[in-house]
Number of protein chains: 2
Amino acid sequence: MTFERMWADLAPVGRAASGGYLRHPWTSPTAELEAWFEEAATARGLAVERDAFGNLLATTAPGPDRVLVGSHFDSVPDGGAYDGPLGVVSAFAALDVLEDRGFEPTRPIGIAAFQAEEGSRFGVACLGSRLATGSMPWESARELTGRDGVRLGDVVEGGDSDLLHGVSCFVELHVEQGRGLVDLDAPVGVASGIWPHGRWRFDFAGVADHAGATRMEDRHDPMLTYAVTALAANKQARLAGQRATFGRVEAVPNGTNAIPSHVTGWLDARAETEPALEHLVGLVSAQARERARLDGTSLTVTAESVSGSVSFDAPLAARIGRGRPVLPTQAGHDAGVLQAAGIPTAMLFVRNPTGVSHSPAEHAETADCLAGVEALADALQELA
Amino acid sequence: MTFERMWADLAPVGRAASGGYLRHPWTSPTAELEAWFEEAATARGLAVERDAFGNLLATTAPGPDRVLVGSHFDSVPDGGAYDGPLGVVSAFAALDVLEDRGFEPTRPIGIAAFQAEEGSRFGVACLGSRLATGSMPWESARELTGRDGVRLGDVVEGGDSDLLHGVSCFVELHVEQGRGLVDLDAPVGVASGIWPHGRWRFDFAGVADHAGATRMEDRHDPMLTYAVTALAANKQARLAGQRATFGRVEAVPNGTNAIPSHVTGWLDARAETEPALEHLVGLVSAQARERARLDGTSLTVTAESVSGSVSFDAPLAARIGRGRPVLPTQAGHDAGVLQAAGIPTAMLFVRNPTGVSHSPAEHAETADCLAGVEALADALQELA
């Protein structure tokens, strides 16, 4: 019951006419979600702290050896309701379940809401957890500039974070972003690991000119080089059984009657292994350069964020899994950053009937969300 | 001398760090250019009027049988200095030349600055002259919405225009946007006509989803359909000796880790004849639809503005041409709209050493600009 009430409270925050969400980090919708977090924590007698990067933590008791749960609030542009908030809300609901059960934890429990997991504002995924773990230094992060021209250093103070001091393990519950659990016919599963993945910026430079008066053979049109590259990425990933996407593109000057001077596309690529990922990005870059040579354009490829392969903590997964199906994910998560930073980490996935995510159509049935809350409560009872 | 002084006065207005210009219609840079126009006209004793669409007219005397010269002030995003303003400034300079020559016109002379020739804000090229001639009705134009979400009806009053009443002929001087005059080794030429041309919006719809977790074979990615279409447009235009460009693209949600739900690309196409243009756009649309079928995406093609073939008034061209070379243009101009509306019209082109236009690199040598002013003064002396 408490899960459904909390979920209904959050439903309108940052919702667009499309039904999708725009919950950019360090904007008013996420501030509203954070105010809700503080209220939910305070109502349960939890202490709330915010680190220098805006990551939130609510704790049942001070001290080390803490069991951490939680996820993030921010969304991609026009994203779904579940990706992120489901893990935060389920964490509070799981505490309520433990209280109903009369369970007295012997170790402190923390609920985290990490900032800027999607990377849709500053281009780096899992920014809050990377900063909290120190895997991204503040000195380089502060200069990150969003597409609105705002620097990260302008919206958040920065410094050091002790949010993760004393954390002995982390369990992140998350909506599944594929159809693995549909195929396995299970409402909840446990993650084995995260595919290595990253985002690469492809900057194509050509020569701006008049779209009407310039002969086709006199052009150096970077839109053509971009188009071939987007198709090459799709084809190479398909052939290799991996994933590659150009979902974001920007042309300059982006005028109908002007051949562009610049086109920038962002490659999102993921593969089963790190060598396979490197090979995939290398193939796409090589095909892009080959076409750039023909078009008389030029290409610069910049890795914006790359995450290595993550295997979650197998003993932890076994303790909380209780025979539930185990499956990998191609999506990055704060859990992967914490695991990579040496904190034993596990993930619980909640079934997504269509597999659709990063879209207004993202969905999970309430019964499956409640099964997720129970699984998270079981995990806390096992660990705390 | 007066040309160079006026040209220097306008050089800083709307100039970006790139050296290119952002002179969107109904914004502060164009307002500044219009204030300059009023000042230049008033200093010469001309009466200035502004019609309901913001087109400007300066006249030497009232009455009908008016000889009209002029061009436009607005630019494409990051455009050049010459496209448009050269024709307006040369018109004032030509009046000064006539005064130096002691020529007394027997007919009124008008200098026009048409609004929104580039179509880069509201998607329709030659908007001001289309409205002034009535070839686009205000009732449909007022609902045009720019990429900033602003409606045309919100920035301009609209209504009727009598700016072109009593105009007996129009001569537009313009920088050439190709290298025809370079090949012909002439500083100034006369236009024979304008290729038929237009802009078509291609809206590709797919299914938004997670870029990592969605298997390649489960996708309906409209970026792929767009990419194939942009390449098809280039190839078909190349094979047919015509012109086709996708210079503007917008993806939704335009996030790196999301497969787009929608991609919109704008096709600019031009051909020697109207049937050839129709055939070209038909071929590109057919290839786009064929690929959409394979991608499981959908496509809507909307003609945003289409201009038929224009042949300028041959007797007028002969009177002002004085043996100068005659050449066609692939670029649309207000002159084409006035000619199509039944006003005998001619164009003078000034040599462009690189042929580059719609780019910061657009250029004309001062000596050639002065030759253009002399040619325009000669035309006025012949006609007025």
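Predicted model: local features only at pLDDT ≥ 70, side-chain atom pairs only at ≥ 80, totals over all residues.

Student: Why is A:Arg270 called buried?

Tutor: Buried means under 20% relative accessible area. A:Arg270 has 4%, so it counts as buried. Its place is in strand E11 of chain A, residues 262–270.

Student: How do you know that A:Arg270 is a binding site residue?

Tutor: That comes from a record: an unreviewed UniProt entry lists A:Arg199, A:Asn257 and A:Arg270 under "binding site". They are spread over 72 residues of sequence and are also spread in space, with up to 36.2 Å between C-alpha atoms. Of these residues, A:Asn257 is included in the lining of the largest cavity.

Student: Is A:Asn257 buried or exposed, and what makes it so?

Tutor: Set its 5% relative accessible area against the 20% cut-off: A:Asn257 is under it, and therefore buried. You'll find A:Asn257 in the loop between strands E9 (243–252) and E10 (258–259) of chain A.

Student: Which residues does A:Asn257 touch?

Tutor: Contact means heavy atoms within 4.5 Å. Not counting residues up to four places away in sequence, A:Asn257 touches A:Asp209, A:His210 and A:Ala211, and on chain B its partners include B:Arg199 and B:Arg270.

Student: What joins A:Val252 and A:Pro253?

Tutor: A cis peptide bond, with omega at about 0°. A:Pro253 sits in the loop between E9 and E10 of chain A. Chain B has a cis peptide bond too, joining B:Val252 and B:Pro253 with omega about 5°.

Student: What makes the phi of A:Trp26 worth a look?

Tutor: Phi of A:Trp26 is near 55°, a positive value in a residue other than glycine. A:Trp26 is in the loop between helix H1 (2–10) and helix H2 (28–43) of chain A. Its relative accessible area is 18%, which is under 20%, so A:Trp26 is still buried.

Student: And B:Arg322, buried or exposed?

Tutor: Exposed means over 50%. B:Arg322 has 52% relative accessibility, so it counts as exposed. B:Arg322 also has a positive phi, about 50°, although it is not a glycine. Look for B:Arg322 in the loop between helix H10 (314–321) and strand E14 (326–329) of chain B.

Student: How is chain A divided into domains?

Tutor: Domain 1 covers 2–195 + 309–383, and domain 2 covers 197–306. Their contact takes 13 residues from domain 1 and 14 residues from domain 2. The centres of the two domains of chain A, taken over C-alpha atoms, are 33 Å apart.

Student: What area do the two domains of chain A bury between them?

Tutor: About 1100 Å², with 44% of it on carbon and sulfur atoms. A:Arg147, A:Trp195 and A:Gln330 supply 53% of the area that domain 1 of chain A buries against domain 2 of chain A, more than any other three residues.

Terms used
Residues numbered from 1 in each chain as written. Chains lettered and ligands numbered in written order. Heavy atoms only, no water. UniProt positions renumbered as here; feature names shortened; annotations may be inferred. 1 Å grid on protein atoms, 1.4 Å probe; cavity = no way out; pocket = protein on both sides within 12 Å on 5 of 7 lines; lining within 4 Å. Helix = DSSP H or I, 4+ residues; strand = E, 2+ residues; numbered from the N terminus. Buried < 20%, exposed > 50% of the residue type's maximum accessible area, 1.4 Å probe, protein only. Domains from an automatic or database assignment. Buried area = accessible area lost by both parts, 1.4 Å probe.
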